[in-house]
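Here are my notes for someone opening this structure for the first time. Have a look at it before reading on.

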Amino acid sequence: MKIHPIGHGRVLPIAAAAAALVACCVAPAHASSHREAPAITTMPKVDGTDFYMFNSYESGRSGFVTLIANYLPLQDAYGGPNYFKLDPNALYEIHIDNNGDGKEDITFQFRFQNKLKATTLTIGGKSVAIPLTQSGQVSAPNAAALNVNETFTVDIVRGDRRTGTRQSITNAAGGSATFDKPSDNIGTKTIPNYAAYAAQHVYNVNIPGCSTAGKVFVGQRKDPFAVNLGVIFDLLNVPGAADFTPAEAAFLLDPNQKDAGHDDLADANVTTLALEVPTTCLLAPGANDPVIGGWTTASLRQGQLLSAAPKAGYQTSVLAGGAWTQVSRLGMPLVNEVVVGLPDKDRFNASKPKDDAQFADYVTNPTLPALIEIALATPNIAPTNFPRTDLVTTFLTGIAGVNQPKAFSASPSTGVASEMLRLNTAIPATPEAQQNRLGLLGGLLSTGFQDLAGYPNGRRPSDDVVDISLVAMMGGLCVANGDADTYKLGAACKPSAVPLGTAAFNLHDGVDQAGPKVKANGPLLPGFPYLGTPIPGAH
């Protein structure tokens, strides 16, 4: 199916953004990318859960872009004795497309090593190895009490991820290309001040080709994503409402109930790979285009041999070899969970954005509105305009005048419709206290300060992508488009195609991403790496 970018028409760029944002995602409430495909459920260490990309809003850090890729979902803080170390046989990557062709132009590659110190104790005259990750208190990188020291490297590749020019990112203090990763938050007895301990693992780094230093942090964080997960998977089983009755729909449409549900990720940690990069280093040289696209992937070696008699050591059971094979992919949130059909979920995780035409029908003809009708036993509430060109704009091309690469408006057009998170780096960051939970749309509709720096113009930790997505799912963009095709989305995309009408703008999942309950469970940091201190295994 050929996908055409939507024309500019006479719509002002910001007005177009207000409308198109409503279509930012075709998805109901769901964990952004936790266990989203059959194959990845067997490989949690390489399961990408969320990807964030935004202009840094920490005071004094204008001119930088923060990239955050989270992996290894649903970590219970008490999950010892081995906890949640990343896979040394995996390749974790963050990709940047800065010319709109659906291919990576810059890739940041993370590799990990878990070194066993083989700590022993003398027991009855014999030296015997201990069974734990630690043997005492930990307060500094590579502490003597750590039995396993985790380290990582980061390379920058310009051009194709496998054949491009590769260089090491190094510590600005001393020049080392190897960085210590903090131990997970075992508990307050082992690590009394985890925030201070983790802060020692934020490094200023020299990035080849960049005249200004950036930052890197890799370590466990409190999962910032919030969602009424169990309720959603149980066919929108709204508490207090009779099953398969209009009462469930009434709850989801009542704005007074937007934070009445339970955040099922309130007690979950995650592992974060975070970079802060000078903006100029991410843009295409000489292109005069401030828009970049980004996504994260993880790959494993194509083959592995399991040893029937592993050698003594740490993680010696598997011998891996062969070419890198991509097994996880994440750009915009929620896509592979509830947009891509079950038969193609593994295929999507292995795919590249330039080849996304194969998944176009899932965007132009989404099944989720009909599934919502079934779950709520409320027929005839799904939008009727097909193909869903409103959703194509946000998913595959970006919003004209906001975060659409100039390649799409070039003559001839060189833009390639492809799913990824897109950010206009020229739109200034909004301080945290002024950020609107509904991202760009909320800022534009505000009668006060206008926050133009939120999702889907990138994505920040407090952007409530779930609620925005529900609005989109049920046709909010077509309500805004009006009968006169104001935003040039097609004559069929109009209010009469949206049975819910303006009520679609009230949709929510019962958990407020930026609400007081979520903030209390996992306060964000005011600066890099932004995500909050992980929950300890014991207090």
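What follows is a handful of numbered points, from the ground rules to a few places in the chain.

1. Ground rules. This is a predicted model, in which local features need pLDDT of at least 70 and side-chain atom pairs count only at pLDDT 80 or more, while totals for chains, interfaces and linings use all residues. Residues are numbered from 1 along each chain as its sequence is written, and side-chain values use heavy atoms, with hydrogens and water left out.

2. Tyr71 and Tyr92. The structure holds 10 aromatic pairs (rings of Phe, Tyr and Trp, the last by its six-membered ring, with centres within 6.5 Å; planes under 30 degrees apart are stacked, over 60 edge-to-face, the rest tilted). One of them joins tyrosine 71 and tyrosine 92, edge-to-face at 5.1 Å centre to centre, with 85° between the planes. This pair links distant parts of the chain, 21 residues apart: tyrosine 71 belongs to strand 2 (residues 64-76) and tyrosine 92 to strand 3 (residues 90-97). Helices (H or I, at least four residues) and strands (E, at least two) are DSSP runs, numbered from the N terminus.

3. On to Phe112. Are these tyrosines buried or exposed? Tyrosine 71 is buried at 0% relative accessible area, and tyrosine 92 is buried at 0% as well (buried is under 20%, exposed over 50%, partly exposed in between, with a 1.4 Å probe and protein chains only). The ring of tyrosine 92 also pairs with phenylalanine 112: the centres are 5.4 Å apart and the planes at 90°, so this pair is edge-to-face. Because tyrosine 92 is in strand 3 and phenylalanine 112 in strand 4 (residues 106-116), the pair ties together parts 20 residues apart in sequence. Phenylalanine 112 is buried too, at 2%.

4. Thr279 and Phe64. Threonine 279 sits in helix 5 (residues 279-282) and is buried, at 12% relative accessibility. A polar atom of its side chain lies 3.4 Å from the backbone nitrogen of phenylalanine 64. Leaving aside residues up to four places away in sequence, threonine 279 touches Gly63, Phe64, Val65 and Thr425 (contact means heavy atoms within 4.5 Å). Phenylalanine 64 has another neighbour: arginine 61 lies over the face of its ring, 4.0 Å from the ring centre.

5. Another charge over a ring. The charged end of arginine 301 sits over the ring of tryptophan 324, 3.8 Å from the ring centre (the rule is NZ of Lys or CZ of Arg within 6 Å of the ring centre and within 35 degrees of the ring normal).

6. The largest cavity. How much space lies in the largest cavity? About 80 Å³. Its lining includes Val335, Phe348, Asp356 and Glu419. Helix 8 (360-364) and helix 10 (389-397) each supply at least two lining residues, with the largest share, 3 residues, coming from helix 8. A cavity is a set of points on a 1 Å grid over the protein atoms alone where a 1.4 Å probe fits but cannot get out, and lining residues have an atom within 4 Å of a point. The volume is the space filled by probe spheres set on the points, which are joined across faces, edges and corners.

7. Leu235. Leucine 235 is in the loop between helix 3 (229-233) and helix 4 (246-252), and is partly exposed at 48% relative accessibility. Not counting residues up to four places away in sequence, leucine 235 touches Phe244 and Ala375.

Key:
Polar contact = N/O pair within 3.5 Å; in protein donor to acceptor, adjacent residues only side chain to side chain. 1 Å grid on protein atoms, 1.4 Å probe; cavity = no way out; pocket = protein on both sides within 12 Å on 5 of 7 lines; lining within 4 Å.
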